[in-house]
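Here are my notes on this model, point by point. Have the viewer open while you read.

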Amino acid sequence: LVLSGGCALNSSYNGTIGGRFGFEAVHVPSAPADDGNALGAALLSWMQDHPEQPAATGRITPFLGTTPDRRVIDRTVANCGYGHLAVGAGPEGGATLAGRLAAGRIIGVMRGAAEFGPRALGHRSILADPRPSDMKDRLNQRVKGREPYRPFAPIIPAHRVSEWFDRPQPSPYMSFTLPWKAEVRDRVPAVVHADGTGRLQTVEAASDPWMSGLLDAMEARTGVPIVLNTSFNVMGKPIVHSVQDAMAVLATTGLDGVLLDDVLVEKAA
């Protein structure tokens, strides 16, 4: 079953469909609402111009947006007055960021192309350790400034979902809310909603090697292959679009650092 339209953003309902109606798989694209019409219009135009060719099929990427300007990053890092550290895209970089998160630091991430659709999927995200019971309140009070009842999302390797959730299924675009297994909820309280569910994002190494590597690094350090994810913005503002946007959030909130592509900019501890 493939769902589109604004109602397909109802992740709580989506998470019940497979079990209630017996579908083998349920898919929701990264931008199922009106914004997704742009992709549909482009595809329709291409098909009209190439009637002899079938439309391409297979996995697509939601990372279709703008990328940070390297020159702006370099100028910003040189003049911002914060400390900075070069962080590679390989295992060492993931280990460095995992160490910061495991130490309780809250890090904004602006790397690669921005997500197409309403969900921040790790390229324009704020990341944190899901294990501390007070992390949800810290994020809401110090950074996001939003209502305390709203949950944060867990990112988890796609092949590990059945270890942590009932009714496991892929959820690459945070389209499905599933019930946590009762025996693991107390291990990641910051991403467990009041009703025992989580709106998860699943990650595969083939489609997002950087995030997959970060989850591996988090498990190596903490024993938990999960990272808390929320959109890189504050209450009432859109997701950050420029390096200046990202630095403004760092300067005006309790955010501890920002990863700008491969440069980690940090406030003093």
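1. A quick definition before the sheet: two strands count as paired if DSSP finds at least two bridges between them. Keep in mind as well that this is a predicted model.

2. On that basis, 9 strands make up an open sheet with mixed pairing, and the order across it is β1-β9-β8-β2-β3-β7-β4-β6-β5. The edge positions go to β1 (83-86) and β5 (176-179); each has a single partner strand, so one side of each has no neighbour in the sheet. From one strand to the next, the twist averages 35°.

3. Now for β4 (residues 153-157). Is this strand buried or exposed? 5 of its 5 residues are buried, so β4 is largely enclosed by the rest of the structure. In general, side chains in a regular strand alternate between the two faces of the sheet. Here Ala153, Ile155 and Pro157 point one way from β4, while Pro154 and Ile156 point the other way, and all are buried.

4. With β7 (residues 227-231), β4 runs antiparallel and is joined by 3 bridges; Ala153 has Asn229 as its bridge partner in β7. With β6, β4 runs parallel, again through 3 bridges, and Pro157 has Val203 as its bridge partner in β6.

5. Another pair to look at is β2 (residues 107-110) with β3 (residues 124-128), which is antiparallel over 4 bridges. To find your place there, look for Gly108, which stands opposite Ile126 in β3.

6. Next, helices on the sheet. Helix α1 (residues 11-21) lies across β5 and β6 (197-203), running at about 65° to β5. Helix α8 also packs on the sheet, where it touches β2, β8 (257-260) and β9 (263-266), and its direction makes about 165° with that of β8.

7. Last, how do α3 and α8 pack? Helix α3 (residues 70-79) and helix α8 (residues 243-252) have their axes 10 Å apart, at an angle of about 30°. Angles under 35 degrees count as roughly parallel, so α3 is roughly parallel to α8. On the α3 side the contact involves Val72, Ile73 and Thr76, which meet Val243, Gln244 and Met247 in α8. By type, the residues of this contact divide into 4 nonpolar, 2 polar and no charged.

Terms used: Residues are numbered from 1 along each chain as its sequence is written. This is a predicted model: local features need pLDDT of at least 70, side-chain atom pairs count only at pLDDT 80 or more; totals for chains, interfaces and linings use all residues. Side-chain values use heavy atoms; hydrogens and water are left out. Axes are lines fitted to C-alpha atoms, for helices over the stretch in contact, and angles run from 0 to 180 degrees between N-to-C directions. Helices (H or I, at least four residues) and strands (E, at least two) are DSSP runs, numbered from the N terminus. Angles under 35 degrees count as roughly parallel, over 145 as roughly antiparallel, 65 to 115 as roughly perpendicular and the rest as oblique. Contact means heavy atoms within 4.5 Å. Ala, Val, Leu, Ile, Met, Phe, Trp, Tyr, Cys and Pro count as nonpolar, Asp, Glu, Lys and Arg as charged, and the others, Gly among them, as polar. Buried means under 20% relative accessible area, exposed over 50%, partly exposed in between (1.4 Å probe, protein chains only).
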